[in-house]
Amino acid sequence: MNTLKTVFSILATLILFYGFACSIRIIFSWIPDFKNGFTNFLSKICDPYLDFFDRHTPLYIGEFNFSCLVALAVLSFFSILFFNLSVSLTLTFASVFALIVTTIEHIGSSILFWFIIILIIRLVILIFQRNSYNGSEFIKRFDYALNPIVYRIARTFTGGKLVSYKATLIISIIALIAAYIIIQIFFIHLIRLIMLIPF
């Protein structure tokens, strides 16, 4: 019995460290042309797993690919599951169901959180933008990816009226932050209800 608990504990720890390695790999992938021995090692051990989700569960919002968040959430699910098994070898329907719902919430909240961060970065760039940035190819591609989403959100709150790009970003950020808070509150109460299930 104790041996089985130890095996689950080791599995939970290994998955946790692998998830951490994948997170670092994702961050380094955002830096173009940054390669060394460490990043090459991370690429070899993490890319096959991350690429699997990129191919089989493509999760795009506009031009932004959030498949990596699904990959990390799956690792988190199994790490928590094995950790729970290392403490008690019995699992209830309520605990497994709560874990599944928490994983789904984690994926959605993570996507929303990072999209809010992206919009805030774009707003800051816009506020401090100089004329020299107007011709930046990177900014143009960034806006091309963002525009369909942020204008759709903004039109919901402006009655379909067109507003400036800065106002569109501000409205979208406020709306998404409000949505993020509402989702967090909803899932906190949902998990509490699930844990009341007696089996």
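Is the crossing of helix 1 and helix 3 left-handed or right-handed? The crossing is left-handed, meaning that the near helix is turned anticlockwise from the far one by less than a right angle. The model is predicted, with local features needing pLDDT of at least 70 and side-chain atom pairs counting only at pLDDT 80 or more, while totals for chains, interfaces and linings use all residues. Residues are numbered from 1 along each chain as its sequence is written, and side-chain values use heavy atoms, leaving out hydrogens and water.

**Helix 1 and helix 3**
- Helix 1 (residues 2-29) packs with helix 3 (residues 67-87) at an angle of about 160°, their axes being 8 Å apart.
- The two helices are therefore roughly antiparallel (angles over 145 degrees, on a scale from 0 to 180 between N-to-C directions).
- Contact (heavy atoms within 4.5 Å) involves residues including Phe 8, Ile 15 and Cys 22 of helix 1 and Leu 75, Phe 78 and Phe 82 of helix 3.
- The residues of this contact comprise 16 nonpolar, five polar and one charged.

**Aromatic pairs**
- Twelve aromatic pairs are counted, with ring centres within 6.5 Å as the rule.
- Phe 28 and Phe 38 have ring centres 6.2 Å apart and planes at 80°, so the pair is edge-to-face (planes over 60 degrees apart).
- Phe 28 lies in helix 1 and Phe 38 in helix 2 (residues 37-56), ten residues apart.

**Confidence**
- The mean pLDDT (confidence per residue, from 0 to 100) is 86, and 91% of the residues score at least 70.
- Confidence is lowest in strand 1 (residues 60-61), at a mean of 68, and highest in helix 6 (residues 165-194), at 94.
- Where pLDDT is low, predicted coordinates should not be read in detail.

Notes: Helices (H or I, at least four residues) and strands (E, at least two) are DSSP runs, numbered from the N terminus. Angles under 35 degrees count as roughly parallel, over 145 as roughly antiparallel, 65 to 115 as roughly perpendicular and the rest as oblique. Ala, Val, Leu, Ile, Met, Phe, Trp, Tyr, Cys and Pro count as nonpolar, Asp, Glu, Lys and Arg as charged, and the others, Gly among them, as polar. pLDDT is the predictor's confidence in each residue, from 0 to 100. Rings of Phe, Tyr and Trp (its six-membered ring) pair if their centres lie within 6.5 Å; planes under 30 degrees apart count as stacked, over 60 as edge-to-face and the rest as tilted.
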